[in-house]
Structures are given as structure tokens and as C-alpha cells.
Amino acid sequence: MKRKRLITATAVSAVVALVVSACGGGDGDGDGNGGNAEPAFNAAVGKIYNPSDETGGIIKMANNGDWDSLDPGETYYGYSWDFLRLYGRALVMYKIAPGEESGELVPDLAESLGESSPDAKTWTYKIRKGVKYEDGTEVTAHDVKHAVLRSTDKETFPNGPAYWEGFLNLPEGYQGPYKTPDMNTDQAIEVPDDQTIIFKLKTPFSGMDYLAQLPQTVPVPEDKDKGAQYREHVISTGPYMFDTNELGKRFTLKRNPEWSKETDPNRNPLPDGFDVALNVNQDDIDNQLMSGDLHVHVTGTGLGSAAQGRVLSDESLKAEADNPYLVRLWYTSVNPQVAPLDNIDCRKAIMYATDRTGYQRAMGGDVAGGDIATHLLPPQIPGSQDFDLYPAGEDNKGDLDKAKQHLKDCGQPDGFATNITYRNERPQEKAVAEALQQSLKRVGIELTLKGFPQGDYFSQYAGRPPYAKQNNLGLVVNGWGADWNDGFGFLSQIVDSRVIRETGGSSNISVRIPEVDQALDAALVELDEGKREQIYADIDKRVMEEAVILPGVIAKVLLYRGKGLTNVFINEQYGYYDYMAMGVEQ
């Protein structure tokens, strides 16, 4: 997840039942996975805080920027995937539960997980009967096929993941249903009847259910599809539907009268709706959370630096906060398409000149920011191995002598100038850019800061290669959370050069290494788990050898629970509060 992940649970009649049966009971002592109604630091980590089955009320949320897109085919922020389950149903989802249970895949729109052919290249899903859109029409497998195929049109939908176009056996020249509407796509997706969808892959892939949980499988009725404008009113299949949508300002959700618990055993929607304000100042969000005027900072990036100190130094405020580790790396892309960073020694100079402690402080320190990282794979990913190719000294403040030597080797003995980008709405990212500006200046590397809006950061600016090269965007402050928790789910969209699109929207800003692409392909067909995990570790090291990614921190985040929220817990697949489980006291 720059962004991402998904979820839901086995049949439960209420979230309280989930608390009791899946989490070991609401014993109130705060131990293990039991529910707890008493405020306490990390009360929603690994367990459910304030369990309740009370319905009604409106949950108030705020975003310190704009959504990349509300369209399930074009969104790629983790918080958006978390939120999207309120109004969209993918074929598969992650279980709605705290702790490790949130990593369990369960059927959602589908009746069961996928059925594979012996060679793992053909996967079949049966759609539940009776699932309806908000207008009362019934969902069919044709709608899922249309949804997946439209998402492959990366000119229309630049922001979304690029898995489907890589895996599906699409006909040569296919450009999506808008540009090539008459092209037969049965060789990639077959729909023999209204309840059956068959995916046909180019290569074997045993993790097909992970693709099936992507928001891109949320059905889209072809007769209601308005292309890029569909984001203005997505047709709901979930328990909530859009009531109002003022683009860039605010949107609201209300209950979907056509949603039925009988066809959705995973969700137990408690509030009557959601009110989401956009482009709200970070400090204002933090103050509103602590004053009780706001329930949730929806992006899940946590409190700003000013509020962090206030909360951590006040025990009563700290008791309303949670501080989970995330399967996420905060990092900076080092773009080899921008001179003089096309020279590996200039890139290595950046690696050695970076003050890692400054990077960590900018992200919030060891509590709110995370642990200093020296490579890509977080420790939670199977196959992660600890190594450091660019030692920064015992104090982690950098090796300036080696940095200067590499500057000489790349023909820039006095340093050079380039630009560094960050997302305007993220104060920590600006602080990272400022910290790098200060640390690299010690060896003569001059950085000019350039901020861009988060909604278009990848589609129009940092992730659009022609723009990045033309505007000398040498360093790009970035972050990534696993689409699912294995090496492929973490690495593929940030190190595979084949996902880079000249039209923009790719999460891979800087990695163009053919042997890495080949290694990813080899990992997909490697059946031995140990060998497969070693491939991912080798990819990690190979990317670091090219010095095209500057690791920052393995992420932690300091989240604040708004007053009156019920059923609050961290969904470990997203790293955020589980928005589908939440309720609010009346």
C-alpha cells in the first residue's frame, strides 16, 4: 500500500459476537485479544477497544489531503482500501478481526475462495446470488469482469495497481473496454453464466486469492460506468452508499437499503453513516480529535509532530492512543533517470551522506516514526534478512568521507544540485525532505524542496517519468505498505520496472533492473518456500546495490481514538483502524 489492503470476517451476527468468539471474550482486562472498555495506551492493538453492538450515529472523519480516487478501480492508498469496504464488495476480503486473524482471507462477493486448475493458471469464483446494487439490480459475474478489465486502462485509471494486466492472458493490443470494446477477452476472463467468473493467467500463480481481494474486483455495472467520472458516484454493493460528494471538499455515506446481511455474513454495519471532510489542516485534525469534534483521521498517518509530544507527555491523552508497527517502509526514491543520479557513485554518495537519525526524527522518532531501516523488506515479511550495504557509523549520522569519495568518483567532487519532492499534506514527509537537505548539504549536495498534492502525487508528478525527468525530481519522499504480506506482495509494485508507465501512476519511481524483473518471475513459479523467500531477499540486496532506494524507517504510527468510538482495533493488513468494524456511542 504507497498505500493499501483489504478485509472481512466469518459469519457473525454482531461485532460483539466477533469479540467473544474470535478474540477470546470481552474480559475487560486488556490482556490477550479480549475486549476492553477502559482507555489505555495500545488498547486497540491486538484486541478490540470498547466493544459494543450499538447502532446509529454518524462517524466523522477527516483527510489532510484529497482521495486519490473513490473509484475501486483506481485507488491505491491503504486507507482507501480499508474505507472502500463500506461501499464496495470485492470477490475476497481479509477477515474483520484484530491481531493475526486479520491476515486470513475469506470469501466476500464470492461464495468461496478461488478454485484452481492443477497448473494454477485458471481460477474460478462463484458469485453469491441475491447481492444487489444500491438501485436494486442484481450483481452478476459480468460486472466483475467489466470492473477488472476497465482497471487495466492505465490512461483512464493511472493510480491503481498493475497486477491484472501483468497476470491475465489478455489479447495482444488490448487497451481496456473503452478503447477496444469489440475485442474478445474470453482468453483472459470467461463468464459462462451470471454467477461464474473464470480468470485465465499467463503464468501459474498460487496466490490468486490475493488478487481477488483487490478493490479492482468490486463490481461495476457497465451501463452505469462513466469512465474517469465514475468516481463522482460509485454504485454501491456494500452496506453504505454515497449520499453527497463534493469533490475535494467533503463526501457523506448513508445506509444502502438494498444491502442485505443474508448475502453478506462478514459485515455488521453499526453507524448510520460517515461524514468525511477533505483537505483539512493536520493540526486542525489533531485538535479536533482531542477535543471530541472528530472521530478518525482517515489516512492513518497519525498525529502530527506538535500533537505527538502533547499526547505522549499527558497520560490521559496517551491512554486514547495506539502505536502499532506497520508492514510499511518509509523511504526516498533516488531517480537514476535524473542527472547526475544516472551515475551510481552519485547515488551512493547520497546513501553515505544521509543522517539516518535525522530521517527517523522527521518521521516522528522511534515511537511515532519507527525503527531505522537499512534495506527494503520489513522484518514481518517472510524472507527478510538484515543487512547494511552503506554503514552510517556507530551514531547512524552518515559516513561523510565515503560520501565525498563517491562524489569524486562520479565527477562531482564539489557536490551537485537536485530537487526533492514530498506530499504537501504530510508534514512528516516535508520534515524528511528538510532533514535530507541538511544532511546532504554537508558534502555539497544541494536539495530544493518541491511539494505536490497527495491525490496526484504519483499520477501527475513524482510517478510520471517525463515530468520527473523534465523537472529534475532526483529524490522522491515515498512510502510503501504490502499489498499482502509476502515478498511479492511487498516488492513487486515498487521494484518491477515493467509497472512503470510513462503516463504516470506507478509506485515504482526509480528501480529499473532487468535481473530484478526476472527474479520476480522466478519467485512466482518457485514452489519451495525457502528458495522463494531467498529470491526475495536477493532482490532486496540487488536493489540496494544499485542505490536507487534510500531506506528511511520501518514504520510505526501514533494514532488517536476519537471520543465515543466503539469496536476499535488495528487491522494488521492495513495498519489502520478497521473502519468496517467501528461504531459510535449515542
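Residues are numbered from 1 along each chain as its sequence is written, and side-chain values use heavy atoms, with hydrogens and water left out. Because the model is predicted, local features need pLDDT of at least 70 and side-chain atom pairs count only at pLDDT 80 or more, whereas totals for chains, interfaces and linings use all residues.

Helix α18 comprises the 17 residues 529-545, where helices (H or I, at least four residues) and strands (E, at least two) are DSSP runs numbered from the N terminus. At the start of the helix, a side-chain oxygen of aspartate 528 comes within 3.1 Å of the backbone nitrogen of glycine 530, while just after the helix alanine 547 adopts a positive phi of about 55 degrees.

Among the buried residues of α18 are Ile535, Tyr536, Ile539 and Val543, buried meaning under 20% relative accessible area with a 1.4 Å probe and protein chains only. The buried residues of this helix pack against α16 (487-495), α17 (514-525) and β18 (549-556).

Two packed helices are described by the angle between their axes and the distance between the axes. The axes of α17 and α18 come within 9 Å and cross at roughly 165 degrees, and the two helices are therefore roughly antiparallel, a term applied to angles over 145 degrees. Their contact (heavy atoms within 4.5 Å) involves Glu515, Val516, Ala519, Leu520, Ala522 and Ala523 of α17, together with Arg532, Ile535, Tyr536, Ile539, Arg542 and Val543 of α18.

Glycine 583 lies in strand β23 (residues 583-584) and is buried, with a relative accessible area of 0%. Leaving aside neighbours within four places in sequence, glycine 583 is in contact with residues including Ile59, Leu270, Pro271 and Gly564.

Aspartate 153, located in the loop between α3 (141-151) and α4 (164-167), is likewise buried, with a relative accessible area of 3%. Its side chain makes polar contacts with the side chains of threonine 156 at 2.8 Å and lysine 179 at 2.9 Å; a polar contact is a pair of N or O atoms within 3.5 Å, of which, within protein, one must be able to donate a hydrogen and the other to accept it, and residues adjacent in sequence count only if both atoms are side-chain atoms.

Technical notes
The expected span of a helix is 1.5 Å times one less than its number of residues. Buried means under 20% relative accessible area, exposed over 50%, partly exposed in between (1.4 Å probe, protein chains only). Axes are lines fitted to C-alpha atoms, for helices over the stretch in contact, and angles run from 0 to 180 degrees between N-to-C directions. Angles under 35 degrees count as roughly parallel, over 145 as roughly antiparallel, 65 to 115 as roughly perpendicular and the rest as oblique.
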